[in-house]
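Reader: Please take a close look at one part of this model. Then link that part to the rest of the chain, step by step.

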Amino acid sequence: MSENENIAIDEQTAPESVSKPSRGAKIAGGIKEWLRKFTVKLKRRPMNIAFFMLIVSSLVYLFLLGNFSQAGLEYPKSGVPISIFINTLFSILVLLLFMYAFPKRSKKPKIVMLVLTFVFMAVLFALDILLFVRWTVAWDEASKLLNPTQLAVREKYIYNAINGVLAHAILVAVAALLTATYPLYGKLIGKINTRKNVESTEIKEAIDTSAEV
């Protein structure tokens, strides 16, 4: 049988059309692949979860800084202005310390920088609790002396300030806990299967291509 006859037989037996994946299947496949790559990155650097939480805590504090400043001006109790200043400064510096504590090219953290990161987190948490207590007491006292109109004007920002420092304290505490326990949940993440499944058609095509070479 000649080569031309073989080609004719293959063309007759081959399927007329190859079904293409739908748009939804492509989107789902893209999302699945992104999640796989994201998990691979977490396997290499599980401490990024703690770093993300720390970034969120800093953003929450900086976004509410206007309410904190207003509350500090209205209720300038002992230690409140300096606490706001230190918290603002440390909320930024703690991010730099965390990055220096876990350099990308090193498998082990730098102990000195890691200790400083925990110290800064402890200071942030302590000052948040101090501000929460001072402003809660000041608001309780003011609510007994001010008229309803004055209370309505101050109510929004003081509530935002009180709830904001409490939320910041909780986020910082969670970030510290995640930083301290990243080797534990890092092992759990490492057990996730992130191997890319190769379809049988892709394997067959690779074999056919190698055979032609």
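Author: N48 counts as partly exposed, because its relative accessibility is 29%. (Buried means under 20% relative accessible area, exposed over 50%, and partly exposed in between, with a 1.4 Å probe and protein chains only.) The model is predicted, so local features need pLDDT of at least 70 and side-chain atom pairs pLDDT 80 or more, while totals for chains, interfaces and linings use all residues. Numbering starts from 1 along each chain as its sequence is written, and side-chain values use heavy atoms, without hydrogens or water.

N48 sits in helix α3, residues 48-63.

The protein chain has 9 helices and 0 strands. From the N terminus, its elements run α-α-α-α-α-α-α-α-α. The chain holds 213 residues, and 30% of them count as buried.

T88 belongs to that buried share, because its relative accessibility is 17%. It lies in helix α5, residues 80-101. Its C-alpha atom is 9.1 Å from that of L124, 36 residues away along the chain.

T117 is also buried, because its relative accessibility is 0%. This residue is in helix α6, residues 111-145. Its side chain reaches the backbone oxygen of M113 at 2.8 Å. (A polar contact is a pair of N or O atoms within 3.5 Å; within protein, one must be able to donate a hydrogen and the other to accept it, and residues adjacent in sequence count only if both atoms are side-chain atoms.)

Back to helix α5, which holds L96. L96 is partly exposed, because its relative accessibility is 39%. (Patch residues have over 30% relative accessible area and no salt bridge; nonpolar side chains, Val, Leu, Ile, Met, Phe, Trp and Tyr, are joined within 5 Å, and like charges within 9 Å. A salt bridge is a side-chain nitrogen of Lys or Arg within 4 Å of a carboxyl oxygen of Asp or Glu.)

Charge marks another patch. K37, K41, R44 and K196 form a positive one. K41 is found in helix α2, residues 23-44. It counts as exposed, because its relative accessible area is 56%.

Notes. Accessible areas come from the Shrake-Rupley method with a 1.4 Å probe; for residues, only the protein chains shown count as cover. Lys and Arg count as positive and Asp and Glu as negative; His and the chain ends are not counted. The place of a charge is taken as NZ of Lys, CZ of Arg, CG of Asp or CD of Glu. Helices (H or I, at least four residues) and strands (E, at least two) are DSSP runs, numbered from the N terminus.
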